[in-house]
Amino acid sequence: MRNFEVVALSRQAVAAIREQRVDAYGHAVMEQTATGAGPCRVSLQPFRKGIDKRLVFSYSPFEQANAYDQPGPVFINAEDVAPYSDIRRFPPEIKADKKRFPLTLIGYSKDQQMVHSQLVGDQDVEDLIEALFASKTAIDYLHVRNAEACCYICRINRIVSE
């Protein structure tokens, strides 16, 4: 069993975005045809370029503002989609496509302080996540970001064995 769980944006977290078309920063939400793979931050599935409609808005993955707060653009499907559910496995479509999804893992402590950052590169992302949680006790959770665009993709929580 993996020592982590994948946390995508929830339907509840984006319901107001879809309905009101304004993000938490007061910016208008933009709707556009997908120009890249994404992925959708709810389903964690790649967009179909030139086909899927997506919403773009500012988002911060932090619970409280601090020096490491990195609000930035994220994308979700314009239509309601099923949230990512295979939470004990890293999204296979993202994992398998290192060219379209170059990844960085950023580790944070319980008090939201950055304590580690690492490019995934050619490594297996699931093995790297497990190794980081096993060897770096200061890491409470990870943010997965696109290594080129620096945008937030999802959160990875440490699972503590009971």
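What is the relative accessible area of Glu31, and is this residue buried, partly exposed or exposed?

Modeller: Keep in mind that this is a predicted model. Glu31 has a relative accessible area of 45%, so it is partly exposed. Its side chain has a charged partner: Arg21 forms a salt bridge with Glu31, with the closest N and O atoms 3.0 Å apart. The two residues sit in distant parts of the chain, 10 residues apart. Arg21 is in the loop between H1 and E2, while Glu31 is in strand E2 itself. Arg21 is partly exposed as well, at 31% relative accessibility.

Three strands form an open sheet in the order E2-E3-E4, and their pairing is antiparallel. Strand E2 (30–33) and strand E4 (72–77) are the edge strands. Each has a single partner strand, so one side of each lacks a neighbour in the sheet. On average, neighbouring strands here are turned by 35 degrees against each other, direction ignored. Strand E3 (residues 53–59) is joined to E4 by six bridges, and the two run antiparallel. For a landmark in this pairing, find Leu55, which stands opposite Ile76 in E4. Helix H1 (residues 11–20) packs on the sheet and touches E3 and E4. The direction of H1 makes about 85 degrees with that of E4.

Ser43 lies in the loop between E2 and E3. Ser43 counts as buried because its relative accessibility is 8%. Its side chain reaches the backbone nitrogen of Gln45 at 3.2 Å. Leaving aside residues up to four places away in sequence, Ser43 touches Asn77, Val81, Ala82, Pro83 and Tyr84. Another salt bridge joins the side chains of Arg48 and Asp52, at 2.6 Å from N to O. With 12% relative accessibility, Asp52 is buried.

Strand E5 (residues 103–108) and strand E6 (residues 114–119) run antiparallel and share five bridges. Tyr108 stands opposite Met114 in E6. The hairpin of E5 and E6 has five residues between the strands, and Gln112 takes a positive phi near 65 degrees there. E5 also pairs with E7, in the antiparallel sense, over six bridges. In that pairing, Leu103 stands opposite Asn146 in E7.

E7 is mostly covered, with six of its six residues buried. In a regular strand, side chains alternate between the two faces of the sheet. In E7, Tyr141, His143 and Arg145 point one way, and Leu142, Val144 and Asn146 point the other way. Residues on both sides of E7 are buried, charged Arg145 among them. E7 pairs with strand E8 (residues 152–158) as well, again antiparallel, over five bridges. The bridge partner of Leu142 in E8 is Ile156. Five residues lie between the strands in the hairpin of E7 and E8.

Cys150 takes a positive phi near 70 degrees in the hairpin. Its relative accessible area is 48%, so Cys150 is partly exposed. The closest cysteine sulfur to that of Cys150 is in Cys151, 7.8 Å away, which is too far for a bond. Across the model, the count of disulfides is zero. Cys40 is in no disulfide either, since its nearest cysteine sulfur, in Cys154, is 12 Å away, against a cut-off of 2.5 Å. Cys40 is buried, at 0% relative accessible area.

Last, back to charge. The model holds 12 salt bridges. One of them joins the side chains of Glu130 and Arg2, at 2.9 Å from N to O. This pair links distant parts of the chain, 128 residues apart. Glu130 is in helix H3 (residues 125–135), and Arg2 is in the segment before strand E1 (4–7). Glu130 is partly exposed at 22%, and Arg2 is partly exposed at 24%. Both belong to a network of salt bridges that also links Lys95, Asp124, Glu126 and Asp127.

Methods:
Residues numbered from 1 in each chain as written. Predicted model: local features only at pLDDT ≥ 70, side-chain atom pairs only at ≥ 80, totals over all residues. Heavy atoms only, no water. Pairing = 2+ DSSP bridges. Helix = DSSP H or I, 4+ residues; strand = E, 2+ residues; numbered from the N terminus. Axes fitted to C-alpha atoms, helices over the stretch in contact; angles between N-to-C directions. Contact = heavy atoms within 4.5 Å. Buried < 20%, exposed > 50% of the residue type's maximum accessible area, 1.4 Å probe, protein only. Polar contact = N/O pair within 3.5 Å; in protein donor to acceptor, adjacent residues only side chain to side chain. Salt bridge = Lys/Arg side-chain N within 4 Å of Asp/Glu carboxyl O.
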